[in-house]
Amino acid sequence: MPAFRQVGEKQLPNPVLCMAWSPKRDLIALANTTGELLLHRLASFQRVWSLPPSEYTGKEITALAWRPDGKILAFSLGDTKQVVLCGVEKAEILHVFPMQSPVTCMHWMEVMEESSALSSFYNSEDESKLFLPKLPTLPKSYSTTSKIFSEEKSDEILNLLGEVRLNILVLGGDAGFVELYAYGMYKIASLSRVSGTCRSLSLSSDLKSLSVITEVRSADNNPEICYIQLDTGLLSDCLPEVTRMARKFTHISTLLQYLHLSLTCMCEAWDDILMQMDLRLTKFVQEKNTSTQVQDEFLELLLWGQSSPELQALLMNQLTVKGLKKLGQSIESSYSSIQKLVISHLQSGSEALLYHLSEVRGMSLWKQKFEPLGLDSAAIEGAITAVGSFSLKANELLQVIDKSMKNFKAFFRWLYVAMLRMCEEHVPPELNKMTQKDIAFVADFLSEHFSENEELFDRKGKYFNVERVGQYLKDEEEDLVSPPNTKGNQWLKFLQESKHLKESPLLFPSYPQKSLHFVKRMMENVIEHCLQKPAEVIGKSVKQAVFLPLYTVPESSENTPRLFELPSLWNDKKAKMHCVVFCMPEISPSKLYILRKGTDPNRHIPNSVLSIDLSHHLDSADDGSSAARCLDARFYDDEMLTVVLQGSEEHNSRRVLAQLPLASSLSCASEFSWKPNLRLDQQSSSIPCQGLVLGNQWRELENMKAQFVAVNGIRKVACVLSANLRHIRVFEMDVEDEDDEGADSQNTTADQDGLETTIANQGPGEESLDTEAGAAEQDVYKKTEEHLESEEALELP
């Protein structure tokens, strides 16, 4: 009976570049050469959803990583130099942040260390909910112009925080840059002194060290694989403080994203139709033959009920009665929507931002604990001031909206009645009443808003700025065209006359000449500067503890997708070790090498380098052939390796999936003495070697030129990928295959149409994750292995 149970098989249309199992569920994420991201479940390898490539995010996926709770999937784009966080439930892009260089590898880990300080913080982390109201959800209409966000995503964005326990997304790229992001959102450390290009990395769960596999160019210009261990002791020593600081800054990053989305909603609520009055009046000035001012024309209509032929033509032929009514309704609807967003979203978000920044300021004043992490109270004070200025500008916009709604309502009511009289139509009695106060109100509105402005025409191509709200929503560097009139403001006059309050740090500057967008961007820059300093300080504290050149890479292997290439890293949390598994096919193709280093760089590990000889005969093999080469190897758990083996030269088409127990191999009596001036491959003959005979934990992969494997020991699953990167098989590793028809059934072949039909008959091509529990209990995939002649003929032996 074959070991492991095959539960799915698929021939994919596009080559796969990355694959990663979910840490919590039987789901696997795949990225292909077209830039498409796919999510499949274990049962029958059924597709759950696909995320097509986007011009905004990018089309060249270079790396994948799951958040430890399995709810967020991170992937990097090489063409746009961005990292994207995607919600797994609905395939929604929740957050995008840029990188200076393309990311080549990533790893998302969770801190497992416990302490009394951390436990108290975990219990009190939600105190903000006692003081702050829940932020309202963004309106459904928000999706028309946004490039990556769809409706009602504010809840998901706020849920980006995830669990309180610290988790860190580690990113590595070209030119040796490495960055650490707490909770996948806040950059907590930035490193730039790592040699070469990062190919793989692993941060230990105790935060004591970071292992990096890099590719550097040797003296003879050949690619050389090296192992680097970086001492991250500051993160480990200050874990409670790092967790508190990172959690707060992640809150702040999330709130900045929420405010950005809210302001985008406001921009969408503001309609271009509101500019019609300004443009029509400008055209009227350019076409009229009289020297009369526009405001005089309207004042004559207001006072005497008579208008010039030019003004009558403007009102009746261009604005029209219906157009005026529609314009008034649009202004009222748009202003009401913007007003609600300012009150419910901008002000609530700003208050929450001030709360969390104030708590960070309190941390920064505890210098003994937080000064080593780079918290600067002066920078945080500047951030608090910037948020206060943003709140003042939002309040100023509210006042402008309130005044504009009153002005427009009175103006349009009067103008609507005047136009009805021009048409000699019936005027409703409720509109026909106009008091002397109403006339004075409209006259003031005309004198303030309808004066021709030559400077404005030179800047904007129009003489008028009747509509005053849109200027606040423009993302421009220029000053406001019509800033608010502060004459007669008793408070401002009092501040200017007071020597003590004029420059007081307790008062937020208001920037009356700037737009809301400008003040928001200024606030984001100040907060970003405030958040950057800890990353720089922590990054400078990281020192290189170990640098070990391993072996040179043959030029022929550079065509293989880099993410699938060995070495593979693993963090043994119980033993507190970094483990590296790799092959040196040019030196000894039948050996597998394991390098082990303690997460504490000063700790000595016995048997730190050893090799496993895989050239022994496979048990139960009919032809007695040997497995001569290891194609891929991944850590299944702390005590087991999953490997893909290739047969000897006479049987090089033979592929085997096997589990290798490490307990016996790691108990080697002899110790390897590393010569520091040589690469490991140059002293491979002195590496202790252990022979290993495979027991019953192996399975031959018939009719498939398997090359790579991805495993998840927690879920006890494996995914095998062929050499042409298109053919996939998935296995449950803790059960044996049910072979009721005997050994001959292993040789049964079927065409690809039969495989697709079987998968289609078991359910729809894509389904919600909510049905996962039910799908897992379906009859498992029992299709026998097929002979994919057309596809496998393209694969290399």
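Predicted model: local features only at pLDDT ≥ 70, side-chain atom pairs only at ≥ 80, totals over all residues.
**View 1. The aromatic pair of Tyr186 and Phe249.** The structure holds 10 aromatic pairs, and one of them, formed by Tyr186 and Phe249, is edge-to-face, with 4.9 Å centre to centre and 65° between the planes. Because Tyr186 belongs to strand β13 (residues 186–191) and Phe249 to helix α5 (residues 239–269), the pair ties together parts that are 63 residues apart in sequence. Tyr186 counts as buried, since its relative accessibility is 2%, and Phe249 is buried as well, with a relative accessible area of 0%.

**View 2. The aromatic pair of Phe582 and Tyr593.** These two rings are stacked, at 5.7 Å centre to centre and with 15° between the planes. Phe582 lies in strand β19 (residues 577–582) and Tyr593 in strand β20 (residues 591–598), 11 residues apart. Both Phe582 and Tyr593 are buried, and together with Tyr551 they form one aromatic cluster.

**View 3. An open sheet of 4 strands.** The strands follow the order β14-β15-β16-β17, and their pairing is antiparallel. Since β14 (197–203) and β17 (543–552) stand at the edges with a single partner strand each, one side of each is left without a neighbour in the sheet. On average, neighbouring strands of this sheet are turned by 20° against each other, direction ignored. Strand β16 (residues 223–231) is joined to β17 by 8 bridges, and Asp231 has Lys543 as its bridge partner in β17.

Technical notes. Residues numbered from 1 in each chain as written. Heavy atoms only, no water. Pairing = 2+ DSSP bridges. Helix = DSSP H or I, 4+ residues; strand = E, 2+ residues; numbered from the N terminus. Axes fitted to C-alpha atoms, helices over the stretch in contact; angles between N-to-C directions. Phe/Tyr/Trp six-rings, centres within 6.5 Å; stacked < 30°, edge-to-face > 60°. Buried < 20%, exposed > 50% of the residue type's maximum accessible area, 1.4 Å probe, protein only.
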